[in-house]
Amino acid sequence: MGDEKVKNEAMEIMGMFQVLPRLVVFDLDYTLWPFYCECRSKNEQPYMYPQAKGILHAFKDKGVNVAIASRSPTPDIANAFIQKLGIKSMFVAQEIFSSWTHKTEHFQKINRKTTVPYNEMLFFDDENRNIQAVSKMGVTSILVGKGVNLGALRQGLSEFVKNSATVEKNKEQWRKFSKEPGSSKSDKQ
């Protein structure tokens with residue numbers, strides 16, 4: 001399936017959801033491309049998973065910002081590959097550095113740069129430890145098996161909508177609670 005066909009199908013999938021994330025964050029190795037960039041040379045021509053580029057373009061066309069969070073120990077190679085693939089300008093933030101924090105530090109930097117709240121982000125990664133850590137920050141996080149694809153996109157958007165509904169429900173309950181007589185907030189008014 002070509003990039004344009006994937007993009008169109010991804011846009012159809014996005015159109016099925018009333019709420020979209022404000023920012024979608026992607027890992028690189030085994031998420032956007034099927035290799036560890038530290039095992040490659042900067043001189044090689046990289047390639048992406050078959051549906052990855054079309055999905056990136058669909059998010060951009062829908063007005064959803066995209067970013068990168070990668071723990072690659074070779075950011076020079078990762079950046080060279082992003083440049084060669086012609087996708088560098090698509091990303092509003094690129095946090096590519098080796099870390100033991102399971103990407104929490106990456107997301108703190110992305111949050112500071114973009115000011116997008118964690119609960120308005122969607123994240124795709126191939127490592128469960130990163131998914132677990134970033135989920136605890138409030139980010140909807142999706143584990144991908146063989147790279148980002150239309151199935152992962154559908155799953156990610158479904159989870160994001162479900163999580164957004166939970167956040168809204170909690171906000172509404174808090175608003176009701178804070179207006180009740182005897183609650184500390186209403187007592188001060």
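Q: What makes up the lining of the largest pocket, by class?
A: This is a predicted model, and in it the lining has eight charged, five polar and two nonpolar residues. Asp, Glu, Lys and Arg count as charged. Among the 15 lining residues, Asp29, Tyr36, Arg71, Ser72 and Glu127 lie nearest the centre of the pocket. Asp29, Arg71 and Glu127 therefore fall in the charged class.

Q: What is the volume of that largest pocket?
A: About 160 Å³.

Q: Why is a set of residues here called a nonpolar core?
A: The label needs buried residues of the nonpolar kinds listed for it, joined through side-chain atoms within 4.5 Å. The largest such core has 40 residues, and Phe26, Leu32, Leu56, Phe59, Phe91 and Phe124 touch the most other members. Its largest share, five residues, comes from α2.

Q: Which residues is Leu56 in contact with, leaving aside its neighbours within four places in sequence?
A: Phe26, Leu32, Met48, Val66, Ile87, Met90 and Phe91. Contact means heavy atoms within 4.5 Å, so each of these has an atom that close to Leu56.

Q: How many of the protein's residues are buried?
A: Of its 189 residues, 44% are buried; the cut-off for that is under 20% relative accessible area.

Note on methods
Residues are numbered from 1 along each chain as its sequence is written. This is a predicted model: local features need pLDDT of at least 70, side-chain atom pairs count only at pLDDT 80 or more; totals for chains, interfaces and linings use all residues. Side-chain values use heavy atoms; hydrogens and water are left out. On a 1 Å grid over the protein atoms alone, a cavity is a set of points where a 1.4 Å probe fits but cannot get out, and a pocket is an open set with protein on both sides within 12 Å along at least five of seven lines; lining residues have an atom within 4 Å of a point. Grid points are joined across faces, edges and corners, and a volume is the space filled by probe spheres set on the points. Buried means under 20% relative accessible area, exposed over 50%, partly exposed in between (1.4 Å probe, protein chains only). Helices (H or I, at least four residues) and strands (E, at least two) are DSSP runs, numbered from the N terminus.
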